[in-house]
Amino acid sequence: MWRHLNKLFFWGIFSSLTLQEASLDCDTRRTNKFHSPSLDSETKVVTRGQNVSLTCSNQNGSLQITYFLFRREKHLRTHAGKGEPMIFNLSISEAHELGPYKCKAQVSNCSMVKYSREFNFTFVDPVTTPVLNIHVINTETDQHLILRCISFNGSLPISYTFFEKDIAISPPISKHVREPAEFNITKNSAGEREEYRCKAKNELPNHERYSQPVSINPPPGGESCPFCLQLLLLGLLLVLIVIISILAFWILPKYKARKAMRDKTPGDYRCTATEVGIYANFCENQAGKESVPGLEPRQCVPTAQDGTQHSQEIQYATPVFQKRAPGDHEARNDCKTGCIYSELIF
């Protein structure tokens, strides 16, 4: 009997001490300021059907804590641990699954409970491949380029960046409305062929898209020699000067000499009228004589005189010569020379 009473007495004392220790432990935890848990994720923007992870943690790593995950008022998961954050894996497919989410942290064997702040996801549509257009304005020395880039699908805002080959040439240009981003660049006309493209990106991570490259050629004549046109014109001018010199010092004197010889020919004869008369007499005499054996009778060929009194035949003729006595030549020739000249035109 006394043994039984002693056991009950000692059991009561032990239970009382345990309850006091537990109460003292909760009070100690209150004194240590048990903080509210934090609820966070690697990303706040998702696409439909994307898998995400929510992490609930508490700064006090020495306590045994049970974590509860809620979406609105609906309980989703429960995890218990000590000093380690709890990770909840989810899949977001519908709008109501975007949140809000809340995490509840409760210390084991204690009524102390803390809640995290609400967390929400946001649906974002990924950008599509952007389109790059380039307008070129050429001047004598420079080449002005107007680059325009736009993605026709994807959640706004969208950030655009322009590249020359693989080097960014512009800062990110953010657009909150569906319109192209524009960037201007001026280059030397003597440059080489360049390749440009642009990148479109919104808040969705790891979903940037690049446009197709667009190549721009330098303007004609500006590849490597800005003064080639001037040099070409100078060369053409030198060639023209050489041609004029050849005409002036070679062809023109020969032409003048021939013209002078033509002008002096009637003066050398000195008796144009006599020569014409002789030719006429010759024709008349030929008409009154018998034909030479072996030759057909010849008719007189009509002659004409120009403004300089030169005789010119208007038909082809075969000349026939007859020997005359010296006296006849002297009688018919008033010229001082001893020869008679005849002008034949074929």
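## A nonpolar surface patch

Patches are built from residues with over 30% relative accessible area and no salt bridge; nonpolar side chains (Val, Leu, Ile, Met, Phe, Trp, Tyr) are joined within 5 Å, like charges within 9 Å. A salt bridge puts a side-chain nitrogen of Lys or Arg within 4 Å of a carboxyl oxygen of Asp or Glu. Accessible areas follow the Shrake-Rupley method with a 1.4 Å probe, and for residues only the protein chains shown count as cover.

This is a predicted model: local features need pLDDT of at least 70, side-chain atom pairs count only at pLDDT 80 or more, and totals for chains, interfaces and linings use all residues. Residues are numbered from 1 along each chain as its sequence is written, and side-chain values use heavy atoms, without hydrogens and water.

V239, V242, I243, I246, L247, W250 and I251 form such a patch, with about 650 Å² of accessible area together. I251 lies in helix α2 (residues 228-269); helices are DSSP runs of H or I, at least four residues, and strands are runs of E, at least two, numbered from the N terminus.

## Strand β6

Strand β6 covers residues 86-92. M86, F88, L90 and I92 point to one face and are buried (under 20% relative accessible area; exposed is over 50%, partly exposed in between; 1.4 Å probe, protein chains only).

β6 pairs with β3 (residues 50-57) in the antiparallel sense, over seven bridges. Pairing takes at least two DSSP bridges. T55 stands opposite I87.

## Charges over rings

The charged end of R48 sits over the ring of F123, 4.4 Å from its centre. K104 does likewise over F68, at 4.9 Å. The rule: NZ of Lys or CZ of Arg within 6 Å of the ring centre and within 35 degrees of the ring normal.
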